[in-house]
Structures are given as C-alpha cells and as structure tokens.
Amino acid sequence: MERICVDKSALQAVDDYCEYRRLVGDDDGGKLFTPEEYEEYKRKLLPQRLNNRLYVSFGVPGGIDCKLIGPETQCFCTHRYKQHKTDFEVVPSQRPLVLPCQVRGCHCSAYQYVPQIGLIPVRCRCKHFPQDHSEATDHLCNKCSSCSGFNSSYTCGCGQPSSAHQTLVETKLEREARGQPIGKDVPYAAMGGLTGYSSLLDGYLALEASGSDPETEDGCQQRCAASRIKKTSTGASGSIHCKERPTHIEMQLFS
Ligand SMILES: [Zn+2]
Ligand SMILES: [Zn+2]
Ligand SMILES: [Zn+2]
Ligand SMILES: [Zn+2]
Ligand SMILES: [Zn+2]
C-alpha cells in the first residue's frame, strides 16, 4: 500500500481551508477570498452571526422538534439549507421568518423541509416528488393537473401526519423560550438547528437517547445509546462498543 506523507504545513493548510469553508460557506461565490477580504469578512460577519443566529427545525407546533435542519439538509426546492439566506444584519421582525433560496433562477421564497424516507423525499398525494412541483409558494405540480399544491400523506415518526408539521425558523431567544437547546455560540455559516451531535438524530430518537443517558454530553455515547435503542427494538441484545470518533460526523456535515 502506498503511504502518503504530508508535512505539518500542508496539514495546517488543510485545516485552514476547512475552517474557511465552515465560516464562509458559499459566500465567496466560488472564488476564494484574498487574505484581506477574508479578514474583512470575519470582522463583519462573525459578531453578527453570534448575535443573530437563526435556528431551524421541523415539527408540529407545540410538539417536539422532529428534525433539526443542518447546512446540508435539502429544501423543497432541492437546494441545501446553506444555499438559502441565513445571515441577517438585522433579523426581520415579521413572523414567520422566511429564508429565501439564493441560487440563481430558483423561485423558492422560504426554506421548507420535506421529510425523507432514507435518501428519498416523500411523495405528494398526486404521486409526484417534491421536485416535480413548482418551488414557488403555491407548490403546484408540473406533471399533473389534479394536484392543488404539494401535500404528502406520510406519517412522521412522531405519529403525526407530515402535513401537520411546519418548518420553524426562530431566534435564540425564541428557541430558549420554547425550552429547546440552543447549544454553544458558533461562528460557522448556516448551522440551522444543529446544537450538538444528538441533533443528527430524528427528534423522537434523540429524546430517547438523551433520556436513557442524561448525563452524557458526548455525541459518540449518545449515538451508541440510540443504536442500543434500535437494537433493543429489533429484539437483538448485547452491548455495543463505540470506537468511532465523532469527528467524522462533523466532516460529513461540513464537507
Ligand atoms: Zn432553491
Ligand atoms: Zn429552498
Ligand atoms: Zn402531480
Ligand atoms: Zn402534487
Ligand atoms: Zn413529527
């Protein structure tokens, strides 16, 4: 097997690049900032992000968060959360807060999560996929005339129909007032609702996971707790040793 040796400065360069991507996201329009532009960007955006972070979740109003939206989570319009407007100099006072898509030519006016089964989004009652519908507000179907706007009969893991759910965008204060975790302040772009490793689980699993092991803050252990629950529910027994380091999850999130 070929061994690749990377010297320290090259590793540092990779770290710097990862940090750059997490902070800048797509804000550089595909062309790397110069060091001066990067410094200027950080000076302007980072304090604003710490103050004005928006949290995005999907759930039934008044209930638990069934899904927390992260940078890579797809919208109804098929673009990812990080491709929507997520930074505000001043958070608008209107509610609901809407986060329009910033991809050129896309008519999506507000980020909206669509539940997925595996990697495939749920279908509309008209049998067509979200991407067969207009991304504009009415979500009419482009493939049939019987559809009066995307509506799925899918039942979420929480037991409620997906149509009873909404994508909620809220400020830190609003989220705190609902008694939901706000996590640590982070300077990274488009973090959405992610506040810790357990955010990666669907809401009802995260509840069970944290309930079974309330003391642990460690994502690895929480994930193990969750897989224990899955194991138990399928009737298997035995303990699971978690050797994975949580970092690879992080890499997936930010890659
Ligand atoms: Zn879009
Ligand atoms: Zn969108
Ligand atoms: Zn249709
Ligand atoms: Zn439809
Ligand atoms: Zn639900």
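Trainee: Start with Tyr-20. In which helix is the place of Tyr-20?
Mentor: Tyr-20 sits in helix H1. Keep in mind that this is a predicted model.

Trainee: Is Tyr-20 buried, exposed or partly exposed?
Mentor: Count the C-beta neighbours. Tyr-20 counts as partly exposed because it has 16 of them inside 10 Å. Buried would need 20 or more.

Trainee: How far is Tyr-20 from Leu-32 in sequence and in space?
Mentor: They are 12 residues apart in sequence, and 9.2 Å apart in space, C-alpha to C-alpha.

Trainee: How should I read a helix such as H1?
Mentor: General idea first. An α-helix has 3.6 residues a turn, so residues three or four places apart point the same way. Now the case here. H1 covers residues 8-24, which makes 17 residues. From first C-alpha to last it reaches 24 Å, close to the 24 Å expected at 1.5 Å a residue. Just after H1 comes Gly-25, with a positive phi of about 60°.

Trainee: How many of the residues of H1 are buried?
Mentor: Zero of the 17, so H1 lies largely in the open.

Trainee: Now the whole chain. How many helices and strands does it have?
Mentor: Six helices and five strands. From the N terminus the order is α-α-β-β-β-β-β-α-α-α-α. Of the 255 residues, 26% count as buried.

Trainee: What is the idea behind a sheet?
Mentor: Strands of a sheet pair through backbone hydrogen bonds, either parallel or antiparallel. Here, an open sheet of three strands has the order E2-E1-E5, with antiparallel pairing. E2 and E5 are the edge strands, each pairing on one side only. From one strand to the next, the twist averages 40°.

Trainee: How many bridges join E1 to E2, and how many join E1 to E5?
Mentor: Three bridges join E1 to E2. Six join E1 to E5. Look at the opposite residues, too. Phe-58 faces Lys-67 in E2. On the E5 side, Leu-54 stands opposite Thr-171, and Ser-57 has Leu-168 as its bridge partner.

Trainee: Which residues lie on each face of E1?
Mentor: In a regular strand the side chains alternate between the two faces of the sheet. On one side of E1 are Leu-54, Val-56 and Phe-58; on the other are Tyr-55, Ser-57 and Gly-59. Both faces are covered, and all these residues are buried. Six of the six residues of E1 are buried, so this strand is largely enclosed by the rest of the structure.

Trainee: Which residues touch the most other members of the largest nonpolar core?
Mentor: Val-56, Ile-69, Cys-75 and Tyr-81, in a core of 24 residues. Strands E1, E2 and E5 each supply at least two residues of this core. E1 gives the most, with four.

Trainee: Take Ile-69. Which residues is Ile-69 in contact with, leaving aside neighbours within four places in sequence?
Mentor: The contacts are Val-56, Ser-57, Phe-58, Tyr-81, Tyr-113, Gly-192 and Gly-193. Then widen the view to the chain. Among contacts between residues at least 6 apart in sequence, 56% join residues at least 24 apart.

Technical notes: Residues are numbered from 1 along each chain as its sequence is written. Chains are lettered from A and ligands numbered from 1 in the order in which they are written. This is a predicted model: local features need pLDDT of at least 70, side-chain atom pairs count only at pLDDT 80 or more; totals for chains, interfaces and linings use all residues. A residue is buried if 20 or more other C-beta atoms lie within 10 Å of its own, exposed if 12 or fewer, and partly exposed in between; C-beta atoms are placed from the backbone. Two residues are in contact if their C-beta atoms, placed from the backbone, lie within 7 Å. A nonpolar core is a set of buried Ala, Val, Leu, Ile, Met, Phe, Trp, Tyr and Cys residues joined through C-beta atoms within 7 Å. The expected span of a helix is 1.5 Å times one less than its number of residues. Two strands pair if DSSP finds at least two bridges between them. Axes are lines fitted to C-alpha atoms, for helices over the stretch in contact, and angles run from 0 to 180 degrees between N-to-C directions.
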